[in-house]
Amino acid sequence: MAKPKGNVSLLFPSIARCASIRREKDTVVADMDGTLLRGRSSFPYYALVAFEVGGIFRLLFLLLASPIAGVLDYFISESAGVRVLIFATFVGIKVSDIESVARAVLPKFYSSDLHPETWRVFCSCGKRCVLTANPRVMVEPFLKEFLGADTVVGTEIHVFKGRATGLVKNPGVLVGTNKADALVNAFRNESMPNIALGYRDTDYPFMKLCKESYVVPAKPEVEPVSLDKLPKPMVFHDGRLVQKPTPFTALLTVFWIPFGFLLACLRVAVGSLLPMPLVYYASWVLGVRVYIKGNPPAPAKNSIGRTGVLFICSHRSVLDPIFLSMALGRPVPAVTYSVSRFSEFISPIKTVRLSRDRATDASLMKKLLQEGDLVICPEGTTCREPYLLRFSALFAELTDELVPVAVSNKMSMFHGTTARGCKGMDPFYFFMNPSPVYEVTFLDKLPYDLTCRGGKSSHEVANYIQRRIAESLSYECTSFTRKDKYTALAGNDGTVVRDGVRIRDRRGKT
């Protein structure tokens with residue numbers, strides 16, 4: 001049996017006593033869990049990888065293994081506990097899938113748990129190093145891209161033919177003396193870091209190698225660093241889980257998914273089979289909350305000799321046009337950029353695919369507008385955070401009958417969008433939430449003097465509508481595009497059905 005945990009706080013002063021002024025020439029090295037992050041358990045992040053890559057059964061396997069990991073960590077060694085978590089999460093998984101989750105999913109959850117005192121010191125130093133027992137492949141994208149870490153030293157996993165074996169490479173899990181040896185090796189050609197930050201007794205070996213060492217106390221509990229304080233904004237992220245999966249939340253998710261999927265099928269069937277005027281009321285009965293604000297316009301009448309109304313929507317999920325139709329009480333066709341064939345099949349409204357060829361798409365939409373009203377989401381892709389992506393200006397050249405619609409939604413368990421996964425499951429994941437919420441706000445119709453007929457360019461019209469919708473939602477306008485999103489999340493331009501995004505500047509206004 002391992003020796004009882006020591007009290008590292010008796011050996012080193014609290015991080016509150018560490019000055020963060022004039023540290024630009026200093027080097028800092030910090031542990032991750034319990035130090036750089038407030039949370040002292042890495043289970044939620046292993047659970048995210050397990051669920052996003054292996055689904056419900058992999059998450060269940062990790063849940064069953066986690067008590068063993070806890071017992072080993074407390075009674076045997078921290079290293080033994082970490083080895084169990086790594087094996088249960090990674091065995092048989094493609095390394096490319098782990099890297100994808102680490103790039104697109106984990107940063108959102110890591111960034112929401114950043115310790116303010118550690119971050120104060122960490123960001124003030126000119127060179128930053130992170131030394132962690134976590135697998136390097138899992139933490140490196142977040143630490144380097146979002147926190148500006150120069151060096152990340154973590155446990156290395158063993159790989160065979162592109163898949164993780166669940167084992168770790170020599171010298172093993174980086175705890176205790178292994179962590180100290182790794183630090184010496186990382187700085188073998190330069191002096192040791194000026195500042196060391198840790199929190200538990202197994203951090204003592206590497207902390208004593210540095211000039212100054214400070215401990216991050218567990219109490220008092222502190223609020224995490226707000227996202228606007230990070231060097232890089234969290235505009236894009238992927239993954240299905242809304243909440244960080246603690247053991248209890250993960251267990252609840254496992255038990256809910258079978259029931260939730262049946263509930264989602266019922267909700268989808270009701271939306272597809274019932275007449276649109278009844279879908280609104282049926283949705284409320286089934287727990288889907290729909291809130292309608294503003295004054296929607298009356299249906300277009302061909303006898304007047306004008307084209308139909310073009311509804312310009314913010315884009316939160318594939319269901320935006322359906323909920324807009326629900327709010328209007330009538331089905332309104334929608335043009336789409338990339339919706340799965342299955343989503344088109346089950347849709348209660350007519351959907352028309354755009355080709356991304358400007359001339360072809362313009363001709364198609366003009367024809368549809370001659371037949372009646374139409375819905376378009378000019379962002380071209382969804383964004384989960386309170387930002388609006390750049391609006392394509394093509395719609396402004398087609399008609400002057402423009403009605404902006406601010407659409408937002410809320411989910412408690414699952415995200416109804418994906419950049420990396422199966423898009424055909426998006427509606428089901430949204431409806432698997434116990435009580436999802438959609439809010440549809442109809443803004444005033446655009447005055448003719450602000451349309452192209454009134455002398456405005458199509459880009460001016462698009463930017464104006466983007467600002468109006470953003471003000472209504474209290475969102476921020478950006479110049480990010482579909483290509484930016486998919487480059488950051490999936491490493492491509494988004495033209496393939498299963499892919500993601502990269503971020504450019506901090507607040508690119510249009």
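The buried residues of α6 pack against β1 (27-30), α1 (32-36), β2 (127-135) and β6 (195-198), where contact means heavy atoms within 4.5 Å and where helices (H or I, at least four residues) and strands (E, at least two) are DSSP runs numbered from the N terminus. In helix α6 (residues 116-124) these buried residues are T118, W119, V121, F122 and S124; buried denotes under 20% relative accessible area, exposed over 50%, and partly exposed in between (1.4 Å probe, protein chains only). The structure is a predicted model, in which local features need pLDDT of at least 70 and side-chain atom pairs count only at pLDDT 80 or more, whereas totals for chains, interfaces and linings use all residues. Residues are numbered from 1 along each chain as its sequence is written, and side-chain values use heavy atoms, with hydrogens and water left out.

The mean pLDDT of the protein, the predictor's confidence in each residue from 0 to 100, is 90, and 93% of the residues reach 70 or more. Confidence is lowest in helix α13 (residues 341-346), with a mean of 84, and highest in β15, at 97. Over residues 494-510 the pLDDT is below 50, although this stretch has 68 contacts in the model beyond near neighbours in sequence.

When neighbours within four places in sequence are left aside, the contacts of F311 include P297, L324, L328, R330, D373 and F442.

Rings of Phe, Tyr and Trp (its six-membered ring) were paired if their centres lie within 6.5 Å, with planes under 30 degrees apart counted as stacked, over 60 as edge-to-face and the rest as tilted; by this rule the count comes to 21 aromatic pairs. The rings of F142 and F146 are stacked, because their centres are 6.2 Å apart and their planes lie at 25 degrees. F142 counts as buried at 1% relative accessibility, as does F146 at 4%. The rings of F323 and Y438 are also stacked, with centres 4.0 Å apart and planes at 10 degrees. Since F323 lies in helix α12 (residues 320-328) and Y438 in strand β15 (residues 437-442), this pair ties together parts that are 115 residues apart in sequence; F323 and Y438 are both buried. Ring pairs also link Y45, Y110, F142 and F146 into a cluster. A charge was taken to sit over a ring if NZ of Lys or CZ of Arg is within 6 Å of the ring centre and within 35 degrees of the ring normal; K232 lies over the face of F146 at 5.5 Å from the ring centre, and R453 over the face of Y448 at 4.0 Å.

Most residues other than glycine have a negative phi, and most peptide bonds are trans. A cis peptide bond joins N170 and P171, with omega about 10 degrees, and P171 is placed in the loop between β5 (163-168) and α8 (177-186). The bond from K219 to P220 is likewise cis, with omega near 0 degrees. K161, in the loop between β4 (157-160) and β5, has a positive phi near 55 degrees and counts as exposed at 75% relative accessibility.
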